[in-house]
Amino acid sequence: MRARKRLFIGLLALGVGLLSVLVIFAVYLAINWEQPLNRILLMILAFLIVIVLGIVSFGIAGIVLTIWSARTIPSMQHLIRVTLNVLFPICLMLGRALGFSQEQVRSSFIEVNNQLVRALVRARRNNVSKEKLLLLAPHCLQNAECPHKITLYPDNCQRCGDCQVADLLSLRDKYGIKLAFATGGTLARRFVQIYRPRAIVAIACERDLASGIQDANPLPVLGILNQRPSGPCFNTCVDLKEVEEAILYFLRNLGINETLRGLAAPAEKYKEKRKWKGKMDKSIPG
Ligand code: SF4
């Protein structure tokens, strides 16, 4: 289930509150400490935290304004990115302390990121060409029993229709974009180096998407969560309509008047197959 954006924004605000408490505590100690050297060190620490606090407060204001107005604020883009990167680990810790799972926090972060990217893309028109759009998918979308290796050569797929690799290839051919299947973060980064995209549509689980979005910074990444009817990293699926909408979101800036033409098959038919396979797999020892 998707977490709402307000979870991550709430945790960001809580992170700022926590930093403020730290400043007050450091100043209190500095005033009451007898040794002058310790006093000076505490005041320096408090000063540094105040600087970070100022930066992330502006960043959070930028995030909230962008989401609220659905418009990007170009001058705040850098601050927003710094804020997300600085406070993300703190949000994960706070979320865990408050009883939220890491998946919920990461999913909320992805929602916030997608909203910010959409606003950015709307503002910067005509800056993404078809060839510079990379669709990055996890190799676990492939049917685990398929003998054709697709990670380095996606066209090895015989398009038998037994998994969504064939559908993603159709999307690639339909829009003339780049497509890559990665086995993990290292290979994903390698593909980004090879293709040098200007924008990425990425499919992955919460953990890989959240870290991938941060790694790709400042490239705009629209993240789409995969579905895992058989558990993690095995015969996963994705909502192809969501993938196509994300591709179109970037391409629309080129004035390409493409519409959803029913190419995007729902994930349900694959989910059914995967559920069945999942039951079979449980009987396999080890
Ligand atoms: S569509 Fe068929 S050939 Fe292509 S990867 Fe999936 S199972 Fe293999």
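1. Let me begin with a loop. Arg196 is placed in the loop between helix H6 (185-195) and strand S3 (199-204); helices (H or I, at least four residues) and strands (E, at least two) are DSSP runs, numbered from the N terminus. Although Arg196 is not a glycine, it has a positive phi of about 45°. Arg196 counts as exposed because it has 11 C-beta neighbours inside 10 Å. The cut-offs are 20 or more other C-beta atoms within 10 Å of a residue's own for buried, 12 or fewer for exposed, and in between for partly exposed, with C-beta atoms placed from the backbone.

2. A word on the source. This is a predicted model, where local features need pLDDT of at least 70, side-chain atom pairs count only at pLDDT 80 or more, and totals for chains, interfaces and linings use all residues. Residues are numbered from 1 along each chain as its sequence is written.

3. Please also look at Cys233, in the loop between S4 and helix H8 (240-251). Cys233 is not a glycine, yet has a positive phi of about 60°. With 16 other C-beta atoms within 10 Å, Cys233 is partly exposed.

4. The peptide bond from Asn217 to Pro218 is cis, with omega near 10°. Pro218 sits in the loop between helix H7 (206-216) and strand S4 (221-225). For background, most peptide bonds are trans, and most residues other than glycine have a negative phi.

5. Now the overall layout. The protein has nine helices and four strands, and from the N terminus on its elements run α-α-α-α-β-α-β-α-β-α-β-α-α. Of its 286 residues, 35% count as buried.

6. How do H1 and H2 run relative to each other, parallel or antiparallel? The axes of helix H1 (residues 5-32) and helix H2 (residues 36-69) come within 9 Å and cross at roughly 160°; axes are lines fitted to C-alpha atoms, for helices over the stretch in contact, and angles run from 0 to 180 degrees between N-to-C directions. H1 and H2 are therefore roughly antiparallel, a term for angles over 145 degrees. The residues of their contact divide into 24 nonpolar, two polar and two charged. Here Ala, Val, Leu, Ile, Met, Phe, Trp, Tyr, Cys and Pro count as nonpolar, Asp, Glu, Lys and Arg as charged, and the others, Gly among them, as polar.

7. Finally, the ligand. Of the 14 residues around the ligand, Cys146, Cys157, Cys160, Asp162 and Cys163 come nearest; a residue is near if its C-beta atom, placed from the backbone, lies within 6 Å. The shell has seven nonpolar, five polar and two charged residues.

Conventions
Parallel < 35°, antiparallel > 145°, perpendicular 65-115°, else oblique.
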